Structures are given as structure tokens and as C-alpha cells.
Amino acid sequence: MKKLAYIDGLKGLGALMVYLSHFVFAFYYAAYSLQPEHANTEGGIEIILGKTPLNILYNGNFAVRLFMVVSGFVLCLGYFKTRDKMKLKVGAVKRYFRLAPLILISNMLIVILMYFGCYRNSETAVFTKSLDWFYGFNHFTPRLSEALYESLIGCFVNGSNDYNGVLWTIPYLFWGALIVYLAAYLLGENSLRYIAYGVMLLVLLRTDFAGIIFGFIMCDLWYTLEKWLERYSRYPVIPILIFILGCYLASYPSIGISMEGTIYAMLGTPKVITYHLLGAVLIVAGILGCNSLQKLFGCRPLQYLGKVSYSLYLWHFPVIATFSSWFFGMFKGILGYQITVFIDFILTTLLVLIISRLSEKYLETLGKYMENRIVKLMIPKRIG
């Protein structure tokens, strides 16, 4: 089945934005908190930027919701294209083995890095004024048994993320996938399934499963309402306006405080997760209906990021907490704050991309091999 390049591009963009958010939070925390006491630039430039739509570039809260919606769209793509229920069985069986091996490897390396004192985030946070966020990560004595439990069980059951902070999303990516696989298996060809989908959304709306459910519903609509979608795509101005509205909602500052005096004041009481979830849905909906947007988000750089997105997601924070923090500590007194962080960002980005590529090529391949072996053992081949 031909891949949708722009969907891969959105996955890559989401992973990149999560990385950018964590780097910004570590060194320019005021861009998130919007508080002058956290500023590291003259005049608090990061605070000014943080109140504009430019904050979408490092809006990790939105990026996670986008990732959830895109994941929900992709999970049952093969099924809705072919109506082959075996694809759902295979996807469900493979899900744990798709996620767990790389989590285990990354956590084992994190234990080693912590044991040898390579995590410098706590001492760095004192200088960058990110005590409320960057200081507390991995600030404990590592234990192999705890890291093993987190990797193989804890992060899947309750989002345990003591060793790698990004693992809080794993229960949603794991159980959310199983929910939509089951929904597609039981309801995928039922004419009343949209009523059931609505009930699912109502039940899960206040959780991060909602993004995956929205993406799943959009995938179903994409393949079952082709004539309606043709009409929708015929007038590009409509999906473009939907996309712009999505970007506006997606860029709402994550801190969730009153935005009086900004372009977000009209939204009233801050409802950050709602805005970001709706923004993600509208952005995907806009792209699905506009060829120009599809070409933009299907460009090769974003496709590449989509290819390495899982590795990028898991590896970027350990790099920031070790290498980036070490570099900052070594050169801040020589080069000054701004130049040090600028060079640090360039080097960190290159390092993260290299590690992600190597991880995707060698470590994820190992996980995929394990997936296929498990599938062959658990699901017999069909005859005929």
C-alpha cells in the first residue's frame, strides 16, 4: 500500500517540535512560563515570542496531541484501505513489540549515563532558571531493576517515566492502538459505527486517548466518504482556512494562563488541552483536503524526520540532559549565554539527528525483526 508522505511528514514534525520544546524549556524557560524572573534575554524577548503564534514551533503540548491524532489515523490505514481484518490482528500483536525494545535499550543506556554522572541537567537548570522543569529530571540514584520494570511494564501500564520523561505517552500509544484495532474489528463494516465512535469520544474526551480516537475516525471517513471528500478538496480555500484556524488554536501558549492583550484573548478561559487537540484535528483535516499542503508536509526533510520520529522522540531528552548540559557548563563563561546556547543548539540537533538515524537503522530494525517473529508464532498463515 502506498504511503501518505504528508502523514509521515506530520509525524516527523511532531517529534521535532517535542525536541524543540524540551531544548527551549531547558535554556529559555520563560518562553513557556512567560514570567520575567525566568528570562535569559534582554527585555525578555522569549516572553514576547511566547505570546505569539511563533510558539507553535516549540509547543510540545500541541505536538503530543498532533502525534496522537496522526497515530490514530495511521494505525488502521491498512484495514480501511483493504478491509482485511488480519491486518488488525497483526497490528495488535505487534504493538508491544514495536514499542518495547527501543524503550528498553534507551533506558539501559540512561542507567549507565546516570551511574557515571553524565546527567548535568540539575546543575544546568540553576543557571538557566529552569528549576521548575529541567532541574528535577533523573535526580535520583539509578537502579537497574527499576529501569527494567519501567521499560517492560511500568511505562505501558501507568506511564512510568522516571528514567526517560517522554515515556508518559506510551500508555496512550499502546492501549489507544488496541482500542482502535478492536473498534475497527468489531464495527469497521457496521453502518451504525459512527454512533459508537461518538460514544467512544464522549467517554474518552477528557483523556489523551481522544486524539487517537479522532485520528481513527478521520481515517475511516477518508476511505468511506470519498465523494464527499472530493467536493471538500475541490475548493482549496476551505481546507486552507480550516488549517489556519487549527494553527491558531495549536499555538495557544501551553502555560494556560490568561492571554489578555494578545490575539488569544477572544478565546476566554484557557482550555489548553482542548485548544491543542482541536488544533491538531483541524490541521490534519486541512491537510487532507489540500494538495498544496500535502506537498508541503510531504517534503523530503519532513519525510526523513517521520522515518526516524520514534527514535528521535526517545533519544532527544537524554542528549539534552547530558551533552547539551555539559557543553553549556563548559562554555557559558567563555562565550556568554546566548552564543553558547546557539552553538549548543546546532551541535545538539546534529547529534540528535545522527543518533536517531543510527537507532532507526540498527535498533529499530532489531525490534521489527522481533515483531515479525512473534507474529509468525502467534498468527498462523492463511491458506489460499
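Predicted model: local features only at pLDDT ≥ 70, side-chain atom pairs only at ≥ 80, totals over all residues.
Colleague: How many salt bridges does the structure hold?

Modeller: A salt bridge is a side-chain nitrogen of Lys or Arg within 4 Å of a carboxyl oxygen of Asp or Glu. The structure holds 5 of them. One of these joins the side chains of D208 and R65, at 2.6 Å from N to O. D208 is in the loop between α10 (193–204) and α11 (209–224) and R65 is in helix α4, so the pair ties together parts 143 residues apart in sequence. Helices here are DSSP runs (H or I, at least four residues), numbered from the N terminus.

Colleague: Are D208 and R65 buried or exposed?

Modeller: Buried means under 20% relative accessible area, exposed over 50%, and partly exposed in between, with a 1.4 Å probe and protein chains only. Both D208 and R65 are buried, with R65 at a relative accessible area of 5%.

Colleague: What else is R65 in contact with?

Modeller: Contact means heavy atoms within 4.5 Å. Leaving aside neighbours within four places in sequence, R65 is in contact with W168, D208, I273, H276, L277 and A280. A polar contact is a pair of N or O atoms within 3.5 Å; within protein, one must be able to donate a hydrogen and the other to accept it, and residues adjacent in sequence count only if both atoms are side-chain atoms. The R65 side chain makes one with the side chain of N61, at 2.5 Å. R65 has its place in helix α4, residues 60–75.

Colleague: Which parts of the chain does the E364–R98 pair link?

Modeller: E364 forms a salt bridge with R98, and their closest N and O atoms are 3.4 Å apart. The pair links distant parts of the chain, 266 residues apart: E364 is in helix α18 and R98 in helix α6, residues 86–115. E364 counts as buried at 4% relative accessibility, whereas R98 counts as partly exposed at 26%.

Colleague: Where do R193 and D220 lie?

Modeller: Their side chains, those of R193 and D220, meet in a salt bridge at 2.7 Å, N to O. R193 is in helix α10 and D220 in helix α11, so this pair ties together parts 27 residues apart in sequence. Both R193 and D220 are buried.

Colleague: Which residues form the nonpolar patch on the surface?

Modeller: Patches are made of residues with over 30% relative accessible area and no salt bridge; like charges are joined within 9 Å, nonpolar side chains (Val, Leu, Ile, Met, Phe, Trp, Tyr) within 5 Å. Accessible areas come from the Shrake-Rupley method with a 1.4 Å probe, and for residues only the protein chains shown count as cover. Here I334, L335, I339, F342, I343, I346, L347, L350, I354, L358 and Y362 form the patch, with about 1,000 Å² of accessible area together. The elements giving two or more residues are α17 (309–335) and α18 (337–378). Helix α18 gives the most, with 9 residues. I334 lies in helix α17 and is exposed at 64% relative accessible area.

Definitions and conventions:
Residues numbered from 1 in each chain as written. Heavy atoms only, no water.
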